[in-house]
Amino acid sequence: MIVMICVDDHNGMMFNHRRQSRDSAVQERVLRCSENSRLWMNEYSSKLFPEPKPDWLAVDPEFLDRAGSGEFCFVEDQDIRPYEDELESIILFQWNRSYPADFHFPADILSHGWTMTESEEFEGSSHEKIIREVYKKDEENK
């Protein structure tokens, strides 16, 4: 599975059970990136995406358990560590800001067996600079 996660400068994802921020340019990129596959998420995250939802977007409370190889998961409020063996790629959208956070992306995952293969900076609708980084699992760790 391929996870897509939004983080701040300190890998924060949420504060007080709410997303730190949102940006429509990120949602557009998430949809474009996944349109030739399946995009999984929970009900909380699905509210970010406009109606009607694309037919490749699947909403399920157990979305990380349901996603298969080559399928995408938009993750806002879940710990991905239990799924580390199933992860093929991690796509981080970085807000380039520091927000209060009490739920974080486990960045230590990337310190063993992952390589950044892409990095791109773009302007969002609410953030001047968003950085998209793509990490792939190293061959010996697959």
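1. Let's start with a salt bridge: glutamate 120 pairs with arginine 29, and their closest N and O atoms are 2.9 Å apart. Glutamate 120 sits in strand β9 (residues 114-122) and arginine 29 in helix α1 (residues 24-34), so this pair ties together parts that are 91 residues apart in sequence. A salt bridge here is a side-chain nitrogen of Lys or Arg within 4 Å of a carboxyl oxygen of Asp or Glu. Helices (H or I, at least four residues) and strands (E, at least two) are DSSP runs, numbered from the N terminus.

2. Before going on, a word about what you are looking at. This is a predicted model, where local features need pLDDT of at least 70 and side-chain atom pairs count only at pLDDT 80 or more, while totals for chains, interfaces and linings use all residues. Residues are numbered from 1 along each chain as its sequence is written, and side-chain values use heavy atoms, with hydrogens and water left out.

3. How exposed are the two partners from point 1? Glutamate 120 counts as partly exposed, at 27% relative accessibility, and arginine 29 is partly exposed too, at 21%. The cut-offs: buried means under 20% relative accessible area, exposed over 50%, and partly exposed in between (1.4 Å probe, protein chains only).

4. Next, look at arginine 132 and glutamate 118, whose side chains meet in a salt bridge (3.3 Å, N to O). This pair links distant parts of the chain, with arginine 132 in strand β10 (residues 130-137) and glutamate 118 in strand β9, 14 residues apart. Arginine 132 counts as buried at 13% relative accessibility, whereas glutamate 118 is partly exposed at 37%.

5. Glutamate 51 is exposed, with 62% relative accessibility, while lysine 53 is partly exposed, with a relative accessible area of 25%. A search of the whole structure turns up eight salt bridges.

6. Now the sheets. Seven strands make an open sheet in the order β5-β4-β6-β1-β7-β10-β9, with mixed pairing. Its edge strands are β5 (57-59) and β9, each pairing on one side only. From one strand to the next, the twist averages 20°; axes are lines fitted to C-alpha atoms, for helices over the stretch in contact, and angles run from 0 to 180 degrees between N-to-C directions. Two strands pair if DSSP finds at least two bridges between them. For a parallel example, take β4 (residues 39-41) and β6 (residues 72-75), which pair over two bridges; leucine 39 stands opposite phenylalanine 72 in β6.

7. What is the strand order in the three-stranded open sheet? The order is β3-β2-β8, and the pairing is antiparallel. The edges are β3 (18-19) and β8 (103-104), each pairing on one side only. β2 and β3 pair over two bridges, and phenylalanine 15 has arginine 18 in β3 as its bridge partner.

8. On to the inside. A nonpolar core is a set of buried Ala, Val, Leu, Ile, Met, Phe, Trp, Tyr and Cys residues joined through side-chain atoms within 4.5 Å. The largest one has 23 residues, and those with the most contacts inside it are Val3, Ile5, Cys73, Val75, Ile80, Ile90 and Phe105. β1 (2-7), β2 (12-15), α3 (63-66), β6 and β7 (89-94) each give two or more residues to this core, with β1 giving the most, three residues.

9. Isoleucine 5 is worth a click. Leaving aside neighbours within four places in sequence, isoleucine 5 is in contact (heavy atoms within 4.5 Å) with Met13, Val75, Ile80, Ile91, Leu92, Phe93 and Phe105. A second, separate core of 21 residues includes Val30, Leu31, Leu48 and Ile91.

10. Last, the cysteines. How many disulfides are there? Counting a disulfide as a pair of cysteine sulfur atoms within 2.5 Å, the total is zero. The sulfur of cysteine 33 is 12 Å from the closest cysteine sulfur, in cysteine 73, so that's too far for a bond. Cysteine 33 is partly exposed at 34% relative accessibility, whereas cysteine 73 is buried at 0%.
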